[in-house]
Amino acid sequence: MSSIALDPDRLFPVDPALRQLARELHQLVADLPILSPHGHVPAELLLNNQPFGDPASLLISPDHYVTRLMHASGIGLDELGVAGTQAEPREIWRRFCAAWSIFDGTASGYWLRSELVSVFGLDEAELAPERADHLFDQLSAKLATAEFRPRALFDSFGIEVLATTDDPLDSLADHQALAADPGFSGRVLPTFRPDSYLNASAPGFAERVDRLISEAGDGLVGYAGYLRALQNRRAHFIESGAVSADHGVRTPSTLRLDQAEAARLFEAAIRGGLSQQDRDAFEAQMIYQMARMSVEDGLVMTLHPGSWRDHHQPTFNRFGADTGHDIPFPVSYTEGLRALLNDFGTSPGFHLVLFTLDETTFSRELAPLAGFYPSVFLGAPWWFLDAPDAMLRFRSAVTETAGFSRSAGFVDDTRAFCSIPARHDASRRVEAAFLARLVAERRVTEERAAEIIVDLVDAAPRRVFKLGASAGKSPS
Amino acid sequence: MSSIALDPDRLFPVDPALRQLARELHQLVADLPILSPHGHVPAELLLNNQPFGDPASLLISPDHYVTRLMHASGIGLDELGVAGTQAEPREIWRRFCAAWSIFDGTASGYWLRSELVSVFGLDEAELAPERADHLFDQLSAKLATAEFRPRALFDSFGIEVLATTDDPLDSLADHQALAADPGFSGRVLPTFRPDSYLNASAPGFAERVDRLISEAGDGLVGYAGYLRALQNRRAHFIESGAVSADHGVRTPSTLRLDQAEAARLFEAAIRGGLSQQDRDAFEAQMIYQMARMSVEDGLVMTLHPGSWRDHHQPTFNRFGADTGHDIPFPVSYTEGLRALLNDFGTSPGFHLVLFTLDETTFSRELAPLAGFYPSVFLGAPWWFLDAPDAMLRFRSAVTETAGFSRSAGFVDDTRAFCSIPARHDASRRVEAAFLARLVAERRVTEERAAEIIVDLVDAAPRRVFKLGASAGKSPS
Amino acid sequence: MSSIALDPDRLFPVDPALRQLARELHQLVADLPILSPHGHVPAELLLNNQPFGDPASLLISPDHYVTRLMHASGIGLDELGVAGTQAEPREIWRRFCAAWSIFDGTASGYWLRSELVSVFGLDEAELAPERADHLFDQLSAKLATAEFRPRALFDSFGIEVLATTDDPLDSLADHQALAADPGFSGRVLPTFRPDSYLNASAPGFAERVDRLISEAGDGLVGYAGYLRALQNRRAHFIESGAVSADHGVRTPSTLRLDQAEAARLFEAAIRGGLSQQDRDAFEAQMIYQMARMSVEDGLVMTLHPGSWRDHHQPTFNRFGADTGHDIPFPVSYTEGLRALLNDFGTSPGFHLVLFTLDETTFSRELAPLAGFYPSVFLGAPWWFLDAPDAMLRFRSAVTETAGFSRSAGFVDDTRAFCSIPARHDASRRVEAAFLARLVAERRVTEERAAEIIVDLVDAAPRRVFKLGASAGKSPS
């Protein structure tokens, strides 16, 4: 059995001198624990610790990175069991094996190969359409064993911290139960994600906000109750171990409004009488408010703008959100963030981690912003850009302006639990490859490169996401 | 005689391991036939098969890639015989030889060197100002021989398919005569290019549309006659072998209007009473209509947005269009294509090939779009981006999201007939260079890399442009 | 004593064949004189030739490239002596040594290391927090010696031409005194920088313009006096050796207005009654007027758009401009420059050097513009982009379209006098690295690469900035 996924030099530059340097740097971080301060694995998975079932339901149907490319090749999402559609898992798996070659060269293909070979021990040569049934049976059998249950994998993956993404009104009972469970020693943190409570264009906004206020508004009503409720829920998240609040916004606009104007917009938003422009203004001012609350309560603020969600309306209508057709568009942070940064950019302890899908902002905006504002940190290349070449472009574009110290470290942002080790390892390999080049070009000393890669992989996410230095489940 | 143009390793990476891999991959496709599904060589050239005449009139005057850079260095377009201006070909050639060094490092310089050395057998060392007359005579003598007539070159270049670009009202008599000519076995396809019938800002729009309707509208008038005439002319093109319709638009905006509103805009466009905004809306809705017709009649739709045509008005006034001063500007596809893709993005058999001059769209929009919509394919790096480094940036930026299977294959898009082999070969070399790196970084197996490069060069253009698998002149 | 800053192969590619080629190319230009046609070192520095004082006041406090990154790491600008704030130089220096590692991988870090090791002869191993006092004393002692006075450094740096940046109403007495000083043989040129006289949004605009007209308007008033005064001051600068006029504009918009409309806007601008849109229009038309004057008087026009100045208002309020928070934003030249280029793009002798902070314009706009317009030249990668990787991206993105002949050569644009040699050398190394690759990929011959690098480093800035071929202080 052999596979390129087992090559110890995968993702390293081919030049022998660089490769040797990259190897040595990677060695320093290869076995460090995984810190995953932003992702989409549910806490329930680890709480219940049930077997994953079949390989299609684990690896294909729920992963829109995977299903989108199969969809592009002509396979319907209903043939892939997306969004609960009925499709025989074995049939889905056959379709996947038949389409396997379309993933060549993609980040998803790299992760999948790595999972199948390294986690599940498959022989890559078997990933052929005619071996699909055999593989399906083989994987299903493994998934039924104790060592492939979620908690066992959590341990074998070497995960120290795993953040989930949660609705503000989530009771976080799963998190609390997990934290109290003596049979689980990992640290699983909730993340406050209030998008649908801030974006007045989201369907059901008024009802949702109404529920928020009534459940957490301390009896206050209107805009005051709304702010109080958000504040209270953030506090609840913090009590349950949350370290960050995540904001998936359309654009990085921020706006400071006076209380009366903000309240007026809020009331109109609830009544549904706002223009698109005013709904945008309302969201922009709420992002400003979220920053203000982060300054007060210490939750790290992460911002994920620039994706046109649900681009294909018919697919959204049938299969819902997160089904592979969120398409990025041009973004600029410089003007949009000005209101927020003017007031909070130098606030002590405030951490704002900026993510992007628009590479043009790497050198033009993100590095200059992070190179001045103590609060601004560079989020790892995200989503489509979480890929070896894109990560190298990111490092090349930001480092000359912002150095390494402004990086927030890697986040996997995934719902594909089994891909977590491959993703983190790929990131570590690319950091090693980039630093190897800087050493070889005499731009960084070998000694410092060794310190830098450990900082990027371990200390930076602890520092920027306020994870604390120690392992174990108790927040530090 | 020697030249860097004859180095078998040209354009390959310098690292020995990568170079060896690139060589092997290139070998697999080096001799495959040329498929050129989009370009600007006229059918008349091959029909008449007349000698090309002198080297300046062949290689310099008609090629705005070449004349623009000489213009930048201070040589007037009238000194280069552009647009029929009177200039002695021998003088033009002398100017070219004197300016030869300005092409160093450019794609045009690479192609020119390759043509002169590989096609015409010149000694590169002679490309010096003082040898200009000698070279002119040498080239003129060759061009007078039988082996340098268009059809002979077509054969020696190994061209299997060559698409032209044609006006919707073109009778296509040249294509038909060529197809019927027993002395020519190549396949020359017309391409439907309706830009000036869709863009109400184009001079002479009303007269042109009027003629279109009266010639092909089946007696219908107004908007109905207009749509019918376009449909009929597309059918005529398809009968004459066309496989695609090409759209050189300012922006990639599309718009779905109801029939009455579209008809109202059409009538106003004809009368000349439309605002710029309404003319843009009219074009956007006509691009939508073209997609609808492509869904119905199967013509592959190619979209070339983002060039500010005729940037320098005085040059346009004197020399006309395509004289070297079309300048790209920022483009975004995500919002603009939404109307079209919502209705036709998953239509069976619909092929939409997207080109760009704005590299920022590679990873941000084009790869994500092609990675979901079965209809969307990645056009090759176009025009200024049809160059070795830019092609590598393209592959690096799109592959991690969209893989290789969403590529439409190379198009040369050229009116410089003699540059066709150099262009295709350069593209094949860059694909080999890119794949070599992915193999060396253990991201693609050697076996798959070999399959991928053959697919990119041969099967992809056949598949995406519906060229059929077999050689020969009959459309499959 | 050893340092990566002393490695003769620093910044060269690691591949042995490329490195050897790069070495040979760099050798050809390593010792050529420094031509610095755009920068911010004041003439007074060389006129007075006083000792620099302490290292913090020389290297840290005035350099916003350096202080911004220390600010990002949590050190207040007041702790760094920015803008005349009181901080003990020795304390500043300690803070710098403690923070030294944050500069790893940055361009500033590269320059600083190079200065400290190559210019000041420090042992890099000593750049540790605990050695800060020792280094401070060592540097202070050196700075007190004759060989570290400005003129001595000017000579030892090998500077032939140094341009300053000056207010239009500057008497240029320092320049004149310096030119007349028999004890100084360098050539120090003023540069006409009229931003604050053209931008009606700038504080104090009306008063400044009023003074301009009364001092230089030949008794004319209003718009006519304003134009005349600008013209007169340009003439004064030319008499004092100026070769260029520099324009730091928000966007590259240009506009041709008729005289009456321009005068009307001018009057309203002076009265303060203009909307932001009209102020922008006024500036756009004044950039057009500056081009017109450049066509007439021959001053090279340099354009630096795309920076949001003073992004953090509180820092600006306390510390003033140029304190590290100018943040770039998206820019497009294609439409904006059209008015200017339509009228002056082919004017004989007109030179327009375009700079950018937005890399997206490299291949999309700048190379196509410079590849057609004889007046347009590619400015070196600027500010945040004056860094090794960014310079390579620039060359890769522009060369395939515009070749090498459209480059204006390197400008250091610095106020950090001691960093000048490191900056120029870094640029020369990167040019060598880029050309080495093109040679190895058989895209440029070795002979031509040798000519090209000498042209880029020496002939191009002389040609584009009209510096003349000869050394010495008299303008040619």
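Leu212(B) is part of helix α11 of chain B, which spans residues 205–216. Helices (H or I, at least four residues) are DSSP runs, numbered from the N terminus. The model is predicted: local features need pLDDT of at least 70, side-chain atom pairs count only at pLDDT 80 or more, and totals for chains, interfaces and linings use all residues. Residues are numbered from 1 along each chain as its sequence is written, chains are lettered from A and ligands numbered from 1 in the order in which they are written, and side-chain values use heavy atoms, with hydrogens and water left out.

Leu212(B) counts as buried because its relative accessibility is 0%; buried means under 20% relative accessible area (1.4 Å probe, protein chains only). Residues up to four places away in sequence aside, Leu212(B) touches Leu169(B), Tyr197(B), Gly217(B), Tyr226(B), Ala229(B), Leu230(B) and Arg233(B). Contact means heavy atoms within 4.5 Å. Leu230(B) is 18 residues from Leu212(B) in sequence, with a C-alpha to C-alpha distance of 7.8 Å.

Two packed helices are described by the angle between their axes and the distance between the axes. For α11(B) and helix α12 (residues 222–239) of chain B, the axes come within 8 Å and cross at roughly 70°. Axes are lines fitted to C-alpha atoms over the stretch in contact, with angles from 0 to 180 degrees between N-to-C directions. α11(B) and α12(B) are therefore roughly perpendicular, a class that covers 65 to 115 degrees. On the α11(B) side, the contact includes Leu212(B) and Ile213(B). Among their partners in α12(B) are Tyr226(B), Ala229(B) and Leu230(B). The contact residues divide into 7 nonpolar, 3 polar and 2 charged. Here Ala, Val, Leu, Ile, Met, Phe, Trp, Tyr, Cys and Pro count as nonpolar, Asp, Glu, Lys and Arg as charged, and the others, Gly among them, as polar.

In chain C, the axes of helix α12 (residues 222–239) and helix α14 (residues 276–297) come within 11 Å and cross at roughly 45°. That makes α12(C) oblique to α14(C). The contact involves Tyr223(C), Leu227(C) and Leu230(C), among others, of α12(C), and residues including Phe282(C), Met286(C) and Met290(C) of α14(C). Its residues divide into 9 nonpolar, 4 polar and 4 charged.

Conventions: Helices (H or I, at least four residues) and strands (E, at least two) are DSSP runs, numbered from the N terminus. Angles under 35 degrees count as roughly parallel, over 145 as roughly antiparallel, 65 to 115 as roughly perpendicular and the rest as oblique. Buried means under 20% relative accessible area, exposed over 50%, partly exposed in between (1.4 Å probe, protein chains only).
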